[in-house]
Amino acid sequence: MSEAFSDVPDAPSGVDLDVERDVLSQLLAFDVYASYSAEGLRADAFFREAHRLVFTAVANVAQGGHRVDVAVVRQELLRQQWMEEVREDYYARLTEGAPKPSPENIRYQVHKLLDLQTVRAVLTAAQALHREVSTKPETVSDGTVAQRLSDIQVLLAGPRGRAPLLTADRQLEVFTTEMAREGEARVWFGFPALDEAVGGVRAGEVCGWMARPGVGKTITLCNVACRAADSDGGHVLFSLEMPAAQIVERLIQIRYGLSREDLRDQVTTGRFDGTEYQQVFGRLVIIDQPGLSVPQMESLLRHIAMGPLCGVPLRLVTVDHLGLIGGDRALSTYERVSTQARELKELAKRFETAVLLAIQVNRADGGDGSRELGLSAARDSGVVEEAMDYLLAIRRLDYAASGSRRSRAQFQNVLFTKIVKNRHGTPGHEVALRLSPDSLRLREDTELTSEETEMAWVAQTRGPRR
């Protein structure tokens, strides 16, 4: 134990006060509450009451939208009248020698505290069982002991946890419950043929939409947002590039069927009625803060669940786009984006929600936007294709530099969307989505395919395709 904390008594079994103090010092010194919260750290993971109070004060400050530092958290402790329990001299020493935490270090510390919390709970349960058997011998034969041991087994699964052992009857119960919930919670795109091929995105799954810049990823996700607005669930859209006003403009155009000029004319002349928009998109929250990391997104989702979407099940999270997610700049691009893809998968599971992710491919893979994309197009972004449950690739043949005028006209404003990965089905299905340049609405065209017509197009090409 360090000399600075020599006045603190030794900890009992299942407690590591040094780790508790290290975590609090890093929270106070480096404003990393979002990262610790994203890993599942809560106040009850701390053994010492003073530590629980400091962590709660940190959480109050962070969730209130303020920067966490020693002075601001001290004011919160005083406001809550907790400083007497924490002690001013003890609090003042908490940040001494605090090392800057890495993501791996944060993950280790949180898991350590959660494991120790489990150890304490198991010890308490075992001691209670021992007292019960000692004072009431009849509990050995009436099934009480078996029930207590089963409870301890559940505790060993950890604070996040599910029971590690499932008997056959429990297996069927879990399966049937999941099947019933799964049917209700799936997210549909609103394009019948594509929805049938994919089968809906389930809670805990991630669906990536990849394309070259300007091909139509954001418009597609806005169309899906309009479809999702008709469900009873909440939707949080992280727009890391486009300002919220532009997203809202597109949603209104799609929902109302208005051109950009008509919409702006209604707004400027005071004829636009936003009542329908407020009713339809009442469960949609848009966040347009650039550079958010995945842990910061998780922290915001928890804040939203306690605020605007309190009592509303979170059905969908949309992120536009992967390349603009913040992260540790000390990592290579490959390592950083790989980590972000895995973190988004963990976010989907942790919040039991579907995640839609826009993925921007580079020019080498996407060419002029007309090139057919495969799994390899996502590999330059790390393990993206491994973290995705579904991967959809969008291309526009009317963008092909080598296309004839006739061919361009045939495919004008058509977004060909192909399933290149489908965890629950066969990939390869492609649908044509026609874009209305006025209302920005997308509709399926089941009569149009790219197969035979594109062969004729390529045959007419003058010069190599770029």
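The structure is a predicted model, in which local features need pLDDT of at least 70, side-chain atom pairs count only at pLDDT 80 or more, and totals for chains, interfaces and linings use all residues. Residues are numbered from 1 along each chain as its sequence is written, and side-chain values use heavy atoms, with hydrogens and water left out.

The chain holds 21 helices and 9 strands. Both are DSSP runs numbered from the N terminus: helices (H or I) span at least four residues, and strands (E) at least two. The chain has 466 residues, and 47% of them count as buried. Buried means under 20% relative accessible area, exposed means over 50%, and partly exposed lies in between (1.4 Å probe, protein chains only). A contact means heavy atoms within 4.5 Å. Among contacts with a separation of 6 or more, 70% join residues 24 or more positions apart.

Strands pair if DSSP finds at least two bridges between them. S5 pairs with strand S1 (residues 206-211) in the parallel sense, over 6 bridges. Here Cys 207 has Leu 356 of S5 as its bridge partner. S5 also pairs with strand S4 (residues 314-320), again parallel, over 4 bridges. In this pairing Val 319 stands opposite Leu 357. Between S4 and S5 the chain passes through helix H16 (residues 333-351), and this β-α-β crossover is right-handed. That term applies if, with the strands pointing away from the viewer, the path from the first strand over the helix to the second runs clockwise. The loop between S4 and H16 contains His 321. The peptide bond from Asp 320 to His 321 is cis, with omega near 5 degrees.

Leu 356 also belongs to the largest nonpolar core, which has 44 residues. A nonpolar core is a set of buried Ala, Val, Leu, Ile, Met, Phe, Trp, Tyr and Cys residues joined through side-chain atoms within 4.5 Å. Phe 189, Trp 209, Leu 251 and Leu 356 touch the most other members. Helix H11 (residues 217-228) gives this core its largest share, 7 residues. Leaving out residues up to four places away in sequence, Leu 356 touches residues including Phe 189, Val 201, Trp 209, Leu 221 and Leu 316. Another core, of 36 residues, lies apart from it, and Phe 238, Ile 304, Leu 344 and Leu 357 are among its members. In a regular strand the side chains alternate between the two faces of the sheet.

The whole structure has 24 salt bridges. Each is a side-chain nitrogen of Lys or Arg within 4 Å of a carboxyl oxygen of Asp or Glu. Arg 255 and Glu 276 form one, with the closest N and O atoms 3.8 Å apart. Arg 255 is in helix H12 (residues 244-256) and Glu 276 in helix H14 (residues 275-280), so the pair links parts of the chain 21 residues apart. Arg 255 is partly exposed at 26% relative accessibility, and Glu 276 is partly exposed at 35%. Asp 398 and Arg 396 also meet in a salt bridge (2.8 Å, N to O). Asp 398 is buried at 7% relative accessibility, and Arg 396 is buried at 5%. In a further salt bridge, the closest N and O atoms of Arg 434 and Asp 445 are 2.7 Å apart. Arg 434 lies in strand S8 (residues 430-435), and Asp 445 in the loop between strand S9 (442-444) and helix H21 (451-459). Arg 434 is partly exposed at 24%, whereas Asp 445 is buried at 15%. Salt bridges also link Glu 372, Arg 395, Lys 418 and Glu 430 in a network.

Two residues other than glycine have a positive phi. Asp 31 has a phi near 55 degrees and lies in the loop between helix H1 (17-30) and helix H2 (33-38). Gln 81 has a phi of about 60 degrees and sits in the loop between H4 and helix H5 (83-86). Asp 31 is partly exposed at 27% relative accessibility, while Gln 81 is exposed at 71%.
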